[in-house]
Amino acid sequence: MGVGMGIHGEPGIHDETLGAADEVAAMLVNGLLADQPENPGTRVVPIVNGLGSTKYEELFVLWNDISRHLEEAGLTIVDPQVGEFVTSLDMAGVSLSLVRLDEVIEPLWLAACDTPAYRRRAASQVDLDTTPLSQKAEQVMVANPGSPASQDVADVIVKALDEVAMRLSERSSELGRLDSVAGDGDHGIGMARGSQAALAEARRVREEGAGAATTLNAAGSAWSEHAGGTSGALWGAALTAFGAVLGDEDPVGDDAIRQAAGAALNAVTRLGGAKIGDKTMVDAMAPFVTTLESSSNRLPQAWDSACRAAGAAAQATSEVIAKVGRARPLGEKSLGTPDPGAVSFHEVVVAVGTVLS
């Protein structure tokens, strides 16, 4: 059996012989207890989840052993859940989750609910919210046209996004291959879709008179919506932060670009929580920004130097074990392979550089 496989089919941490139910139960419980937070408390909701083709009888047999191991560890079991809650097609297998309860979480967990995926029956009728939900993300609108100078910058932004979308589309397969080593292999297609959506939205608002900030805000929202995953959210935040510095009115000089790059890095680290050495896009983004900010050359030359720094840093991540993100449990497997997020960051800034030169 593969131990530590992801719900999207990410490779497991290691393989081992399938043991008896009690052995599997001990492995699951001990693995979670070894990774518990500080001051976790003793009240837990165990969730034994079948991945699609494991029979309920087998899940209940496994639960019998899991419950014993939890009690032996001094935990109080509250409202145990055994069934199929998050499946992975017809995969044979099981997952164990522990919901740590406190005075805030416990009453919320035990509250009555009635949803298509999960129900907790109550003595009284559960109030249903029948408000229709929007099926599309809200579009960024051009409240006021940008100044002529800012619209000129927006034109450059659209050209840069065009180059980015083409480059990421060309590199999609390779980025996916890198991601498949310790992830689910969707980074390449996600980056391609995100950049293409960002380009389309940037073109739309530019035709409506948008300046630099509104153009990047629209691009960031579209990238986040269509790319999916953590990288989509991070790139959405980066573009939005970059645009916030540029604004829709003032001319944009080299210093503003340097300041905007720093703001984008701050947004990514604040949202994702990663730092240099964690094997993420930050490993390439941070040296890029540092080099750009410290260079006394004009922007095209400074950008080129920053791209070289980002490229070297991205390749250096092949010698690093992933410490955060989906690749963290498979850190050892990621050795020898550069981080796909760092590599794709380098691809993006290189594409932008072709417009600045």
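Biologist: Why is His187 called buried?

Modeller: Its relative accessible area is 9%, and buried means under 20% (over 50% is exposed, in between is partly exposed, with a 1.4 Å probe and protein chains only). So His187 counts as buried. Bear in mind that this is a predicted model: local features need pLDDT of at least 70, side-chain atom pairs count only at pLDDT 80 or more, and totals for chains, interfaces and linings use all residues. Residues are numbered from 1 along each chain as its sequence is written, and side-chain values use heavy atoms, with hydrogens and water left out.

Biologist: What is His187 in contact with, leaving aside neighbours within four places in sequence?

Modeller: Leu175, Asp179, Ser231, Pro340, Gly341 and Ser344; contact means heavy atoms within 4.5 Å.

Biologist: What makes Phe288 and Trp303 an edge-to-face aromatic pair?

Modeller: Rings of Phe, Tyr and Trp (its six-membered ring) pair if their centres lie within 6.5 Å; planes under 30 degrees apart are stacked, over 60 edge-to-face, the rest tilted. Here it's 4.9 Å centre to centre and 80° between the planes, so both tests are passed.

Biologist: Why does that pair tie together parts that are 15 residues apart in sequence?

Modeller: Because Phe288 lies in helix α10 (residues 282-294) and Trp303 in helix α11 (residues 299-316); helices are DSSP runs of H or I, at least four residues, numbered from the N terminus.

Biologist: Are Phe288 and Trp303 buried or exposed?

Modeller: Buried: Phe288 has 2% relative accessibility and Trp303 has 7%.

Key. Helix = DSSP H or I, 4+ residues; strand = E, 2+ residues; numbered from the N terminus.
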